[in-house]
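Here is a colleague's note for someone opening this entry for the first time. Please read the points with the structure in view.

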Amino acid sequence: MPPGPPDRIRRSASSSLSAVKIAKLDTWVLEARIGRPIQFGVGPYGAFTATLVELTTDDGLTGWGECIARRAPRVTDVVVRDLLWPVLEGRDPHDVEGLWDEMFTRLRAWGHYRGFVQEAMSGIDQALWDILAQAQGIPLAKALGGAGRSRIPVYASKVYTAPLADMTREAELYAKKGHRAIKIQLGRSAEFGGPRADMEVVRVCREAVGPDIEMGADVNSAYDAATAIRVCHAVAKHDLAFLEEPVYPDDIDGYELIRRSQPIPLAGGESEFGIFGFRELLARRAMDIVQPDVARIGGFTAAKRLGALVHAHNVKYAPHTGFSCGVAHLASLHLAAYCPSLYRYEYMFIDNPLREIFTEPFPEPKDGIIDMPSGPGLGMTIDRAKLERYRLR
């Protein structure tokens, strides 16, 4: 496909969707490699990848969504096209939650209700909600209902693994820029000092930002439960706001043991699918801050359903962003504006070419706050020429 003129996510909608049908699907498989891999708990990360979903109705409204694709984005593309598109073609986008349920049951009876299927559903669901919001002429967060925030508190993410002096300078820089909350990286391997080095990271970063800045720490599942408990007791005096993903996401017993054995709140959920895994985590009181990724959990429909569970269990909601493309970052911002019990939105300070795929710069926080886009739907404009630059052939 040759590059075309910039395509607007934000479109005026003069007609009702009462008789509108989903008419067309396009997908964009993207990759942007970086020169210096990012180091964190699960190893080096050297490329940003994503699968975008573009749905168009028969009266010309176009909605966008993103499927998380940390590896093999072509796999997600095939799931969208071959497995899920037959559910959608010719259907009424008003039935977004019913369509979600139909997609979910497509392979559930055979055990495939997680992984690539749920990630593919996520992009489709976002695109459907984008269409519905545009048709009403309102921001997507307003179409979702909920809290209706116009300004979103963020935490600066994150101070990645580096020599202590570099981590100290970066943490201090975030504080000087007016951020009221930051996240630091833990989970060093034995080669780089292991848990004892992590304890020192917490100490120096707390000294750098002072006592008034909220400071969380992300382990990216590098610990076992015993190690996490030992580290938490050692660093509790430095007042961590949360410890994120201390163990593998499937180790719910580990989360539960850590939560009841030390005083630091636990966060996690970016690796969870749908709402059923979260249901177990919440029922067992294993988590204090829930961090769903709208590009993995199943889109806005699943995120809304999770919001009710989070509210009922009196814990906090903090939409995850990570290394995703700009569409997921923007969708997560709308989720933060909608969701009950919001803690903060994760704002990534990292050189990610796939976030900057719009005709205007992605919103930046000022003094730790982002103002929401005010246009219909997702509220920003995708530049197709930028998409073509990173499209996998």
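1. Lys24 and Asp26 form a salt bridge, with 3.5 Å between the closest N and O atoms. The term stands for a side-chain nitrogen of Lys or Arg within 4 Å of a carboxyl oxygen of Asp or Glu. Lys24 is partly exposed because its relative accessibility is 44%, while Asp26 is buried because its relative accessible area is 15%. Here buried means under 20% relative accessible area, exposed means over 50%, and partly exposed lies in between (1.4 Å probe, protein chains only).

2. Some notes on the basis of these values. This is a predicted model, in which local features need pLDDT of at least 70 and side-chain atom pairs count only at pLDDT 80 or more, whereas totals for chains, interfaces and linings use all residues. Residues are numbered from 1 along each chain as its sequence is written, and side-chain values use heavy atoms, with hydrogens and water left out.

3. The chain has twelve helices and 14 strands. These elements are DSSP runs numbered from the N terminus, helices being H or I with at least four residues and strands E with at least two. The C-alpha atoms fill a box of roughly 60 × 40 × 40 Å along the principal axes.

4. Of the 393 residues in the chain, 60% are buried. Among contacts (heavy atoms within 4.5 Å) between residues at least 6 apart in sequence, 74% join residues at least 24 apart.

5. How many salt bridges does a search of the whole structure find? The search finds 24. One of them joins Glu97 to Arg305, with the closest N and O atoms 3.2 Å apart. This pair links distant parts of the chain, since Glu97 is in helix H2 (residues 96-108) and Arg305 is in helix H10 (residues 299-312), 208 residues apart. Glu97 is partly exposed, with a relative accessible area of 30%, and Arg305 is also partly exposed, at 27% relative accessibility.

6. Lys183 and Glu346 form another salt bridge, their closest N and O atoms being 2.9 Å apart. Distant parts of the chain are again linked: Lys183 belongs to strand S6 (residues 181-185) and Glu346 to strand S12 (residues 345-348), 163 residues apart. Both Lys183 and Glu346 are buried. Through salt bridges that share partners, Lys158, Lys183, Asp218, Glu244 and Glu346 are joined into one network.

7. Thr56 lies in strand S3 (residues 43-57). Is Thr56 buried or exposed? Thr56 counts as buried because its relative accessibility is 15%. Leaving aside neighbours within four places in sequence, Thr56 has contacts that include Lys24, Ile22 and Leu61. The C-alpha atoms of Thr56 and Ile131 are separated by 8.3 Å, although the two residues are 75 residues apart along the chain.

8. Gln118 lies in helix H3 (residues 115-136). Gln118 counts as buried, with a relative accessibility of 1%. Beyond neighbours within four places in sequence, Gln118 is in contact with residues including Trp100, Phe104, Phe273 and Arg296.
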